[in-house]
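Visitor: Could you take one chain of this model and go through it closely, in one connected account?
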Amino acid sequence: MRLPRAAALLLAAAMGCAGPGALLDLADAASDDERIAATEKAAGVAADPTASEGHRVAAALALGRLRSSSPPVVDALDRGLGASRPRVRAAAAWALGELRSEDSLAVLVEALKATDDPKLGSRLLEGLAKHHALMAGRPERVVPLAEAMTRYVGRLPDGQAPPLLDVIGARVRTLEVDVEVLARALRADRAQPSDRTRAALYAAAFELLARLDRLRGELGASGRNPRAEEAIAAAADVLERGRADTSTMILWFLGCLGEEQVYAAAAAMALGRPRSEGAGAGQRMVRAWGLARAQGHALEARRALARDVLLTESSRAVLTALEGAVSSRAAEGVLQRALGIEARR
Amino acid sequence: MPRSWPWIFFYPAILTSCATSLRQLEAREERCEVAAMRKGLSEDRSSVRELSARGLGRCGVIEARPELLARALDPKERRWVRAAAARALGDLNEVSADERASASVHEALLRLAASPRIEPEIRLAALDALAASSSPGCDAIRPLVYDDELLVSARAQSILSEQCPPGGRS
């Protein structure tokens with residue numbers, strides 16, 4: 001009678017005569033019974049905090065190769081993500097990526113949301129990229145991922161997104177996803193403001209506005225677009241938080257977008273919102289510049305210019321920037337018309 | 001005869017299965033034990049085949065190219081062994097003076113990388129192997145930027161940005 005292969009391997013491991021190699025060999029299990037036994041063994045080692053680094057890494061690799069996405073496997077690898085050793089964490093992240101299941105996706109998303117380790121983050125992103133097929137056309141899965149990606153970028157020391165994050169984002173994120181992610185970031189910042197929520201808010205607003213910028217021409221050359229208006233309004237909501245860096249970035253983007261007819265009205269409405277008290281000259285300059293760019297398409301922009309800038313602005317720097325913005329557009333009489341509006345009042 | 005009798009005969013086999021540990025395999029690679037590594041390509045254990053393939057590539061064993069190519073293209077082989085063989089081929093192409101053989105391997109790697117039916121792990125390994133070359137095959141890699149597999153797409157993008165000038169051909 002031939003000894004079943006799995007039994008031989010398990011016996012070898014139990015006798016302690018084999019190191020990590022025996023754990024790796026569990027991936028060679030062929031029959032269903034062998035695979036079940038091998039998976040159980042590997043999961044036990046992968047989850048064991050007292051096992052050596054080499055054993056835990058080998059066990060994780062075996063689990064990734066076996067590709068069983070049962071709850072005990074996912075749980076074991078989740079524990080591996082919390083190990084103190086970077087190699088164990090990296091192996092667990094890789095193995096979770098191989099599983100390509102809803103449960104492994106959820107674990108990877110939570111881990112990305114929580115980590116500020118760039119190396120682990122790269123492994124997690126690789127693992128998440130493997131779940132692309134699960135996310136296609138499923139916003140309920142994409143929104144948590146996008147939220148995690150935004151928070152992760154916000155925590156990176158230099159705020160520089162790794163290239164893979166952009167690749168994933170380009171494939172799975174949509175305007176609607178970005179609006180939802182921004183709304184969540186805003187809620188989190190309102191509920192419990194901190195440096196992390198502020199960074200996440202900045203990142204979410206940037207992602208949304210950058211997407212609008214990339215979609216120029218795709219949302220329609222003329223007329224108003226409800227999707228775009230909703231997105232711009234969502235970004236404008238963030239202005240109320242009064243964060244100087246975020247507000248300046250948003251105002252600048254609104255000014256850029258305001259030049260496009262499809263965005264102009266919404267951008268003008270957003271720019272024309274009452275400004276927060278204490279907004280610095282830089283913000284006021286960007287806002288005035290943005291309104292000047294939008295006024296060619298939107299009456300709201302001209303009204304806001306007259307009401308909020310020409311009437312009350314005292315900074316020479318702001319008014320000079322405004323004059324430059326107006327004259328560079330060769331819009332003769334625009335400033336005069338704005339003054340005229342003010343004079344009629 | 002006791003029911004446990006067969007175990008006595010298979011005990012040495014069990015011990016033997018412990019004999020070639022990971023450390024020993026890695027030591028073989030460090031010492032470039034070519035004969036042992038070439039033999040290892042046919043071992044039962046996939047981990048041995050994998051590490052043997054890796055070692056042959058790192059040690060620059062050009063003569064092993066046909067066996068490595070066979071492993072990389074074998075649909076019945078474990079995907080991690082195929083991936084290791086593909087990467088090893090990349091290592092060997094870098095050092096080979098045989099242009100015809102290198103071109104043939106290069107074509108095989110491009111086919112592996114481009115095939116959507118091949119496991120992503122193998123495709124990525126093929127791309128890594130191509131990237132090790134001074135002429136990775138820009139025109140063939142370019143369409144992979146739009147591949148459904150995100151990691152393949154990302155890898156193709158990084159190869160193109162690092163090695164393929166825009167408008168250039170290679």
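Guide: Helices are DSSP runs of H or I with at least four residues and strands are DSSP runs of E with at least two, both numbered from the N terminus. On that basis chain B holds 10 helices and 0 strands, and its elements, read from the N terminus on, follow the order α-α-α-α-α-α-α-α-α-α. This is a predicted model, in which local features need pLDDT of at least 70 and side-chain atom pairs count only at pLDDT 80 or more, whereas totals for chains, interfaces and linings use all residues. Residues are numbered from 1 along each chain as its sequence is written, chains are lettered from A and ligands numbered from 1 in the order in which they are written, and side-chain values use heavy atoms, with hydrogens and water left out.

Chain B has 170 residues, of which 48% count as buried (under 20% relative accessible area; exposed is over 50% and partly exposed lies in between, with a 1.4 Å probe and protein chains only). Among the contacts of chain B (heavy atoms within 4.5 Å) that link residues at least 6 apart in sequence, 58% join residues at least 24 apart.

Within chain B, helix H7 (residues 99–114) and helix H8 (residues 120–131) have axes that come within 8 Å and cross at roughly 140°, the axes being lines fitted to C-alpha atoms, for helices over the stretch in contact, and the angles running from 0 to 180 degrees between N-to-C directions. H7(B) and H8(B) are therefore oblique to each other (under 35 degrees counts as roughly parallel, over 145 as roughly antiparallel, 65 to 115 as roughly perpendicular and the rest as oblique). On the H7(B) side the residues that meet H8(B) are His106(B), Leu109(B), Leu110(B), Leu112(B), Ala113(B) and Ala114(B), and their partners in H8(B) are Ile122(B), Arg123(B), Ala126(B), Leu127(B), Ala129(B) and Leu130(B). Sorted by class, this contact of H7(B) with H8(B) comprises 10 nonpolar, 1 polar and 1 charged residues (Ala, Val, Leu, Ile, Met, Phe, Trp, Tyr, Cys and Pro count as nonpolar, Asp, Glu, Lys and Arg as charged, and the others, Gly among them, as polar).

Chain B also packs against chain A, where helix H11 (residues 163–172) of chain A lies with its axis 10 Å from that of helix H10 (residues 150–163) of chain B, at an angle of about 125°. H11(A) and H10(B) are therefore oblique to each other. From H11(A), Leu164(A), Val167(A), Ile168(A) and Arg171(A) meet Leu150(B), Leu151(B), Ser153(B), Ala154(B) and Gln157(B) in H10(B); by class, the contact of H11(A) with H10(B) has 6 nonpolar, 2 polar and 1 charged residues.

With residues up to four places away in sequence left out, Leu68(B) touches Leu41(B), Ala53(B), Leu56(B), Ala85(B), Ala88(B), Leu89(B) and Leu92(B).

A backbone detail remains at Cys32(B), whose phi is near 50°, a positive value in a residue other than glycine. Cys32(B) sits in the loop between helix H2 (22–30) and helix H3 (34–40) of chain B, and Cys32(B) is partly exposed, with a relative accessible area of 35%.
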